[in-house]
Amino acid sequence: MMNILKNIFQPVLSIFIPNDIKLSNGKVVKPPKPITPYIVIALIIVTYFSVELTGFKFSTIIQRGNQFLVILRRMYPPDWAFMPRVWKPLFDTIKMSVLGSIIGCALAIPFAIVSSTNINSSKITLNITRVFLSIVRTMPTLIIALIATYIFDIGTFAGTVAITIFTFGIVSKMLYEQIETVDMEPFVAMEALGANKIQAFASAIVPQVLPSYLSISLYNFEINVRNAAILGYVGAGGLGLILDEQFGWRAYDRAGVILFTLFITVVVIESISRYLRERLA
Amino acid sequence: MKTSTKKLSKQEMIESKPNKIIMDTLANEPKVWIIHLIATFIVLAIMYWSKGAINFRGIQSNGVVIAKNIFTGLINPDWSLLLNLTRQGIPFVLMETLAIAFLGTFIGAILAIPLAFISASNMVSKHFTWLGVFIIAAIRTFPPFVYGIMFIRVTGPGPFAGVLTLAITSIGMIAKLYIEAIEDIDKKILESLDASGCNTIEKIRYGILPQLMTNFVSTVIYRYEINIKNASILGLVGAGGIGAPLIFAMSAYRWREVGAILVGLIILVLIVEYFSTAIRTKLARG
């Protein structure tokens, strides 16, 4: 009886505690303890609870999955006559992301400098700014925009503020990570020659980080165009506003026109930005 | 004997040989200021163009009051709600957000695998990679909340729609990072496994999986971090998570409740970010 049980449990047990391997010369090698089975078990448990909590059902997807395509199908053929009314919100979106990106990237510079361990030796200011930046980054753009619409009224200004704050948080982090990887020797050399910290920073650090700073900024601009397009959903201006309207009226053929325009815009802006970033690299 | 310690005058210093080289180099410095000037001018022009969209009508009459209320709400949130463990409490909504993000990322990560393999240029012929790349671009076309609206038709409002939305919207980025990992595969290892007589399954298990696993896991964890934030947005279209209570509390001007929700969200994101960074650093160092 014990033997049967052992025969069943041995292979199962050997997944968690692998058997010792006996080499031909009589040496016994202990294989390393695997962690994968524990991770798999944890994943199964977490998946089970997530399924319970979210009400996930495969049967619903199979039965009603075709409903997903209904809206897509109604978008065709697009109502091209709607096009003239798309231009203004489209340009609003682009303008919001341009201005928000530029202001946000500019604001990020001082904060990034203060949060770089190799420039700022004061632990207190460093940690305060870093904690501040991480709190800013936790806020999703749409929620910042939602709050901004309450403070600045509905419209593109609230959207611009949201994009500025979002850009500021993310660019500061990317920039201080860049500043921390620079070669500090030119900086030390400048200081040895009698330059003060600001002069040394300007002539030794800036040339090293400028290309990556511009590249980060452009990359953020790309993200922001996509982001700006959805901000209208909470009333912060741009394409999202009319998109939400058309969805509300179930005018899917018009929504299709808006989405198509957005797609083309994003592709054009991404390719310009990518070209510029490749030139910078 | 007098040593010849002669003090150089300023003119002589400039004309002395090493200094001359330096001064010449300085004179031949590339004239970047023209490019800088043009770049500044372009940026200013773009800013001028875009200022037209900014209809700053001043801060709304009660905007200052609202800003102050949100701030005081953040500092002194509604603790009873923040520590309430029932279904109405914030911990439950945060758990729901975590669950939505987890399932969404999980499904997206699985769906992205075949897509990444058919778009990696070292796995299929160059002529066929466009198909995968096209599918990924097409998926990325729609903003997340459009998917949210579409999936609500399938599942009805609730967290289930959020899961499906995140699953679809995650595919693009995950597949892109997978492709980069797949294209970096060292094929020599497969050849040596071939030479030692492994079959296809063994080659995948010992040749491909170890090379991709860390990269894939790291990508998925990173995306999970992003999806936590996205899941909190989806509530705004009725797809579950923390967004819906937030928008209700805001439209009802219950600022201490708003504060409690925002504090909960900030803490959740910071914790997830911390663990995500820790695990990914560990994976990167092996």
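How far apart are the end C-alpha atoms of helix α13 (residues 255–285) of chain B, and what should its 31 residues span? The ends sit 44 Å apart, and at 1.5 Å a residue the helix should span 45 Å, which agrees. The expected span here is 1.5 Å times one less than the number of residues, and helices are DSSP runs (H or I, at least four residues), numbered from the N terminus.

A word on the model: it is predicted, so local features need pLDDT of at least 70 and side-chain atom pairs count only at pLDDT 80 or more, while totals for chains, interfaces and linings use all residues. Residues are numbered from 1 along each chain as its sequence is written, and chains are lettered from A in the order in which they are written.

Back to α13(B). Its buried residues (20 or more other C-beta atoms within 10 Å of their own, C-beta atoms being placed from the backbone) include W255(B), L262(B) and V269(B). Part of their cover comes from α6 (123–138) of chain A, and α11 (200–234) of chain B is also among the elements covering them.

Now for where the chains meet. Two residues are in contact if their C-beta atoms, placed from the backbone, lie within 7 Å.

| Chain | Residues in the contact |
|---|---|
| Chain A | 46 residues |
| Chain B | 51 residues |

Finally, chain B is divided into domain 1 (10–53) and domain 2 (69–285), with bounds from an automatic or database domain assignment. Their centres, taken over C-alpha atoms, are 46 Å apart.

How values were computed. Helix = DSSP H or I, 4+ residues; strand = E, 2+ residues; numbered from the N terminus. Buried ≥ 20, exposed ≤ 12 C-beta atoms within 10 Å, placed from the backbone.
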